[in-house]
Amino acid sequence: MDKLIVQPLSQSRISTVIVIDTLDECEDEEPASAILSVLGRFASEIPNVKFFLTGRPEPRISEGFRLPLLAEMTDVFVLHNVELDQVNSDIRLFFRTSFLKLAGRRRRLEDWPDEQQLDHLCRRAAGLFVYAAATVKFVDDNRWDPRERLVLLLRSQKIGAREGGTLNTLYTTILEGAFGDGDPEDDAKIRSVLGAVVLVVNPLSPSAIATLLGLNTEGVLLLLLSANSLLVFQDDSANYPVRPFHKSFPDFVTDSKRCTNEKFYISPPDHHLQLLLGCLDLMNQKLAKNMCKLPDAVVNSDVGDLKDRTEKYIDPALRYACLSWHMHLVDADTTPAHAPTITPTLHQFLAKKFLFWLEVLSILGAVRNAVEALRITADWLEVC
């Protein structure tokens, strides 16, 4: 904070605004947000700068804003306290503008949607812009008639509570529309792919997800395209990272009380276990000595094309497995009943691929990961 922000801005005296979005998604176990604690110490030392922070009012964030150093210089704006009429007016304008743009790209959409449909959409949104954005994304699908998509939503949804019920019915409708009539034998594959999207440590591309899960890349891409209104990715590229459109979707699909359709429910312990085994299997298959074909007795810093070699010889799925397998071990269903499933694969990795794994971590500049991974593994072995 001092070297990156305070010193440069103090010396330059540039007038600026620094935005820190979704503060609640930071991994932080302190009683009060560590970021807010640091800001409280340094913010007064920076001239001509304002910080704009957003986040859900979780206890550690609320406590952070109450810290004496920060409370004096902070204005808190609670979105849920905004008059609902004003929010609905903004949402209606968003719907009208978005559908007008859609009509400009498609044929025979004059005077669509009508005022009654807009009224229904605004009531269902219940003040939630994420609902409005997801609705427009669902309707604006080149493979379907937007009028039919809108009617599908309006017929199938009930007006729920302000947040939970409204989004639950929206996400359920979209998922059922995407996969409801599919082959029941594909249900496990749908859950595996969606589970990978919402539970991976860092976003992966469809091709990397397919490699990690042992699936066909084209099949994974088709599944993701079916649910594209809930996701962010390039539908014409299997190599572009895919991630949830909004955090509320992972929250929904991993909560059995909200996602009541077993076809779509993602059990985090079960799917972390699947991802863990996928990572270990992939490393056991692909890790080898000197994967990047480096010259003998050379240090990484002396290899001018190290980045090119890394991208050529270590594919994204293997890179992810080497960096993140232990994070899935932390959250996997690792009860004693599952230990026999994990132990042989883990033993093979440690006995035969350990040095090659360290070599890859060195090339990736992530050797410190090994310390944390081995600590987590030791803790798991002690318990299981």
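**Exercise 1. Find what share of the 384 residues of the chain counts as buried.**

Solution. Take buried to mean under 20% relative accessible area, with exposed over 50% and partly exposed in between, using a 1.4 Å probe and protein chains only. By this rule, 42% of the 384 residues count as buried. The model is predicted, so local features need pLDDT of at least 70 and side-chain atom pairs count only at pLDDT 80 or more, while totals for chains, interfaces and linings use all residues. Residues are numbered from 1 along each chain as its sequence is written, and side-chain values use heavy atoms, with hydrogens and water left out.

**Exercise 2. Describe the largest nonpolar core and the surroundings of W357.**

Solution. A nonpolar core is a set of buried Ala, Val, Leu, Ile, Met, Phe, Trp, Tyr and Cys residues joined through side-chain atoms within 4.5 Å. The largest has 97 residues, and those with the most contacts inside it include F95, F99 and W357. Next, with contact meaning heavy atoms within 4.5 Å, and with neighbours within four places in sequence left aside, W357 touches M283, L287, C322, W325, F349, A370 and A373. Apart from this core lies another, of seven residues, among them I5, I18, I46 and V49. In soluble globular proteins, nonpolar side chains tend to be buried together.

**Exercise 3. Determine how far apart in sequence the contacting residues of the chain lie.**

Solution. Keep the contacts between residues at least 6 apart in sequence; of these, 73% join residues at least 24 apart. To finish, consider the extent of the chain, whose C-alpha atoms fill a box of roughly 70 × 60 × 45 Å, taken along the principal axes.
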